[in-house]
Each structure stands twice: as structure tokens, then as C-alpha cells.
Amino acid sequence: MKLKIGIIGFGRIGKIHYNNIAQQIEDAQVLLLADVNQDGLPQEVTLTDVDSLIDSPDIDAVVICSPTDTHADYVERCARAGKHVFCEKPLDLSLDRIEKTLAVLEETDIKLMLGFNRRFDPNFLKLRSLVQDGKVGDLQIVKITSRDPGPPPLTYLQSSGGMFLDMSIHDFDMARYMMGKRVVQVYAEASTLTGGDVEVAGDIDTAVITLRFEDGALAVIDNSRKAIYGYDQRMEVFGSKGMAKVENNAPDTHLYYGKNMVEASLPLNFFMDRYTDSYLAEMRAFVRACIDDTPVPVGAVDGKEAAKIAVAAIRSVRERKPVQID
């Protein structure tokens, strides 16, 4: 059996998912594509509009890669049409709208998987396995560094919902995933230090966030929109039995030792390079869950919880105090 897929949105993420399905996932096939830009779309796939794609009887599942403000609407329409959905994060910028979408999903039997691809990164999966195997003991601190090489363009920033809902939300999900516990308090400090399009958009580009979990364990996350040396993605887990960490991926692992210096390659410079394997793994997991009728590994509730943390972080910065999550 092949899962018949339609893709809505053919930007950077849409192209990644299309290429992975078309070239590396044998039990799935992209039949339909819908995008506002009709140029440069693959000729092997039928081009159509969103309504026709969602209503098509030939489609089993829909991959949503359109702008964030369309996600909830498209998910609800797919659910009512009986289509399984893979949707890029976040589900929406409003917690109220997320709750309404979840209510629609509860009335149907469709699967919804959110695109928190970092859960599928081989390095982070290794940390997760060490935690689950008890090698680190009772987790006490998770430290996450996530810094982009440069901010996205102004048009993206203006509709992204801000850094916490667009970028940091991945780290909020990873902290929950590693800890396996509930976040009860969020405290965030943030600034705009790089200027440029981020300042024009009224967004932030630098932040430190502290999460307190239900048992008192802590997560510390630092974010930046502009790391001049590349895509900085590191994580450390510390517990009662020890510590484990993951460093950056680089094009190679060479070290050159000279008289006055040590030289190494810079980290990979873009998220599509750093998370190539995880994008493929998450789509394979979605396809298998649909075909085998098993639960998706990261679902609507995970998306809601990460969004709650992001909204609390926004409020914490505005009010300059910790925010409780009830």
C-alpha cells in the first residue's frame, strides 16, 4: 500500500518534504500540490488549488507547509474531509484557536502530526535514549543552545508570530521531550540586539528562557537569530547519575594544531543541512503511522503544550516576571 499525499505550500519546507517523499519514501506518493506560486513546481505532480486538494478522493493525507496563519483552518478542513495531516509548527498563534482545532479533531478519526523535527535528530535521539535507559539518572537540568546563522526575511518575520512561537518553540518542545515532565513556570528575558529586519518587524532576536518543571527540575534555553559562525545547535542533560551532551554538527571533524592556534570547521550553516536526517525520519514516521494505523509520535497535544510555553514566555518578557502555567 502507498499513502497518497497532497502538499499545500511549496516553499523551503514544502520542497524538503516533497523531495523526501518522492525520492526516499517508497510507501508514499505525492499526487497533488497547491501553492500560490505556480512557477518551478515539479511537472510529475498535478497542480491544483487548496480546496480541490483537500476534497480530492484520491488523497489519503495532506502535508501542510503553508504560512502559519493558515494552519488551523487547513487542519480543520482536512479533518472534516477525513484526511490525515502532517502540519508544520505551530498549529496556530492563538491558544484559543488551537483549542478549537483540537475540538474538531476529537470529532474525527484522522491523525495529526506536528513538524517538531528535532525529536528525530540522531544526536538528540541518543540523548533521549540515555535518559530513558536511566544512564543520566533523575534529570535535574536540561541546557539548550539554539542560534540561527541569520534572521529570516522581513516578510517572514512579520507573519511568524515572533521568535518564541516561530523559533524557540522547537526548544520548548525538546525540553519537554527530554524531561518527560510538565512545565509549570516560564521566565524569559529578551532583547533586540542585531537591529535590521528584526527591529523593523518589532520582534526580538536574543533570549534566555528558564523553564521550571513540576518536580522542580529546570531547563535553560538560550536563543539568538544571528550567530556569525553558523547554525549553533547544542544540548546537555544533567542528572543524578551523570551528564550527557551533544555538540554541533560540522562538515568534517578535522582538528589542526599549529604553533599558535587550533583550527576546526565551523558548524553547518543552515537548518536544512543540520536537520536533513530528521526531516526524512519524521516524514517516514508519519507515513508509517498512517499506513499501520498507529499513534503519531508527536501530536496535537504536544503542539499545544509547546505553544503554551511560547505564549507564557511572551507574557514573561512583557511583564518582567515568571509566568505560571496552569
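By class, 20 nonpolar, 11 polar and eight charged residues make up the lining of the largest pocket; here Ala, Val, Leu, Ile, Met, Phe, Trp, Tyr, Cys and Pro count as nonpolar, Asp, Glu, Lys and Arg as charged, and the others, Gly among them, as polar. This is a predicted model, in which local features need pLDDT of at least 70 and side-chain atom pairs count only at pLDDT 80 or more, while totals for chains, interfaces and linings use all residues. Residues are numbered from 1 along each chain as its sequence is written, and side-chain values use heavy atoms, with hydrogens and water left out.

To find the largest pocket, select R12, I13, C65, Y156 and D166, which lie nearest its centre among 39 lining residues. On a 1 Å grid over the protein atoms alone, a pocket is an open set of points with protein on both sides within 12 Å along at least five of seven lines, a cavity is a set where a 1.4 Å probe fits but cannot get out, and lining residues have an atom within 4 Å of a point.

Next, colour helix 1 (12–24), helix 3 (68–80) and helix 7, the elements that give two or more residues to the lining of this pocket. Helix 3 gives the most, with four residues.

Then turn to the largest cavity by selecting R118, F124, I144, T145, S146, D171, M174, Q233, R234, M235 and Y275, which line it. Strand 7 (139–147), helix 7 (163–179) and strand 11 (232–239) each supply at least two residues of that lining; helices (H or I, at least four residues) and strands (E, at least two) are DSSP runs, numbered from the N terminus. Five nonpolar, three polar and three charged residues form the lining of the largest cavity.
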